[in-house]
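Here is my note on this model, as numbered points. Please keep the structure open as you read.

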Amino acid sequence: MSTTIPIIPMPAAPIKTALEGDGMGCHSGGEAMLAAAKSAGKSEVLAQYAQDYPKNDKAGPHDQPQSMCPAFGSLRVGLRMRRTATILSGSACCVYGLTFTSHFYGAKRSVGYVPFNSESLVTGKLFEDIREAVYKQADPANYDAIVIINLCVPTASGVPLQILPKEINGVRIIGIDVPGFGVPTHAEAKDVLAGAMLKYARSEVLAGPVQAPRAGRSEKPTITLLGEMFPADPVIIGMMLEPMGLAAGPVVPTREWRELYAALDCAAVAAIHPFYTASIREFDAAGRTVVGSAPVGHDGTEAWLQAIGNATNIAQDKIDAAKNKFLPAIRGALAKTPIKGRVTLSGYEGSELLVGRLLVESGADLRYVGSACPRTAWNEADVQWLESKGVQVQFRASLEQDLAAVHEFKPDVAIGTTPVVQAAKELSIPSLYFTNLISARPLMGPAGAGSLATVINAAIGNKTRFDQMKDFFGAVGTGHATGVWESANGVPQDHPHFKAEQRRQAEKAAKKRKAEETI
């Protein structure tokens, strides 16, 4: 049986998504996607992001902070919580990369995905598909909350997650936009979801009684710890708070919804990571005092204990008791395991300034600290302390700035992100990956005081090995001739004139596109 396919006439004005081109990818560029999102009704949320996570509006395409896809931060927060489902709405290639990365970092649960095409994006069918998926997943026997994350394309096209039901069958529904063109780093994207959850939880607290923490309420006043940290650090902080009659509260982002209530039910908040602006806004609304910096090294611990004591109206003799118990141990650990060598430091986790303080007090000749995160009121004390020690601090650091520091200061060891580490090793400079080798260690109190010296001194001691490898491999290709080549088959030759011509044509095409935009 034959079927006749009807011919539908083309409309006079082609239907477009909010994005130029096919609307299916991220190739439109940050500026185009930002403009599209604003025209699609996302101006308010993007304006809030610009205020919460500021960056230089005049920054060029290479003046951006280093980070993986920002949405990974929000995805990570959701995947680490009990009884929480996470659904992504975005281009398939982005979802593949995010799920791969999440499972690479140890996620042990599935990630939901609502696919789309140009038609479903234009007609609004994507939103209906998301709504249907949420209703199917909203089983209170399995979940306390469902998180839906709009990636770049759905955000730029105005998919309205904010009009989803706030609750279905007793399951909380949290819809957030986390576009790469609106949230600068994955570290700050953790705050996007943490802040949204705190806001929801605070509204529940205001409405009436809420569920108690799994281990029950603390008998002592608690200090909520803001920002992901090494698992031993909250325990160490709790030990340092004990002489003052305080206890360590939940770590935000939390591991369970009910912990959000306990986080809000605190005596004060310690902004260990200082860029959780949305979360701090909720703690401010709850009337909680927020204290910056962290108990790292001798000076940092002394100042932090004093600030916490002042914020919670603890008697000075109890604050002094905590100092007298822990400061000598910290001083002893720093003296016992000194770091001797010049160091440059860069990263995108948000704890770079804290690590920098610890390096300086350990004796390292620290010249540069680059952080992908912004300067805030809660890391101001760390900035001033580091600069008083002659350390250059760069916020929203780009890869180019981090590499320039390595070239300028010629460190004995470079601590940084993957491309910084790679570039430093090519220069025969021992280097350490910040995320896996530095931030994955205790930093607080006496345990943190001696945690970095072993790995850093070992790296510095490997300098001769790098020199030996460079001598052994000799003139193995670099740059345009990268690789191992047989001379008989020819070695790739550089063609600067060809490169110049290609650059000229690219610049000409860019000027043409710019001129067409103004017509």
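1. Lysine 125 and aspartate 129 sit four residues apart in helix 5, so about one helical turn separates them. Their side chains meet in a salt bridge, with N to O at 2.4 Å. Lysine 125 is partly exposed, at 43% relative accessibility. Aspartate 129 is buried, at 19%. The cut-off for buried is under 20%. Keep in mind that this is a predicted model.

2. Aspartate 144 pairs with arginine 83, and their closest N and O atoms are 2.9 Å apart. Aspartate 144 lies in the loop between helix 5 and strand 3, while arginine 83 lies in the loop between helix 2 and strand 1; the two are 61 residues apart. Which of them is buried? Aspartate 144 is, with a relative accessible area of 14%. Arginine 83 is partly exposed, at 29%.

3. Arginine 217 and aspartate 265 also form a salt bridge, at 2.7 Å from N to O. Arginine 217 is in the loop between helix 7 and strand 6, and aspartate 265 is in the loop between helix 9 and strand 8, so the pair ties together parts 48 residues apart in sequence. Arginine 217 is exposed, at 63% relative accessibility. Aspartate 265 is partly exposed, at 37%.

4. How many salt bridges does the structure hold? The count is 22. Arg76, Arg80, Lys190 and Glu228 are joined in a network of such bridges.

5. Strand 3 and strand 5 run parallel and share six bridges. Here valine 147 has isoleucine 174 in strand 5 as its bridge partner.

6. Look next at strand 6. Are its faces covered or open? Both are covered: Thr222, Thr224 and Leu226 are buried on one side, Ile223 and Leu225 on the other. In a regular strand, side chains alternate between the two faces of the sheet.

7. Strand 6 has two parallel partners. Four bridges join strand 6 to strand 7, and leucine 225 stands opposite valine 251 there. Three bridges join strand 6 to strand 8, where isoleucine 223 partners alanine 268. Strand 6, helix 8 and strand 7 form a right-handed β-α-β unit.

Technical notes:
Residues are numbered from 1 along each chain as its sequence is written. This is a predicted model: local features need pLDDT of at least 70, side-chain atom pairs count only at pLDDT 80 or more; totals for chains, interfaces and linings use all residues. Side-chain values use heavy atoms; hydrogens and water are left out. Buried means under 20% relative accessible area, exposed over 50%, partly exposed in between (1.4 Å probe, protein chains only). Two strands pair if DSSP finds at least two bridges between them. A crossover is right-handed if, with the strands pointing away from the viewer, the path from the first strand over the helix to the second runs clockwise. A salt bridge is a side-chain nitrogen of Lys or Arg within 4 Å of a carboxyl oxygen of Asp or Glu.
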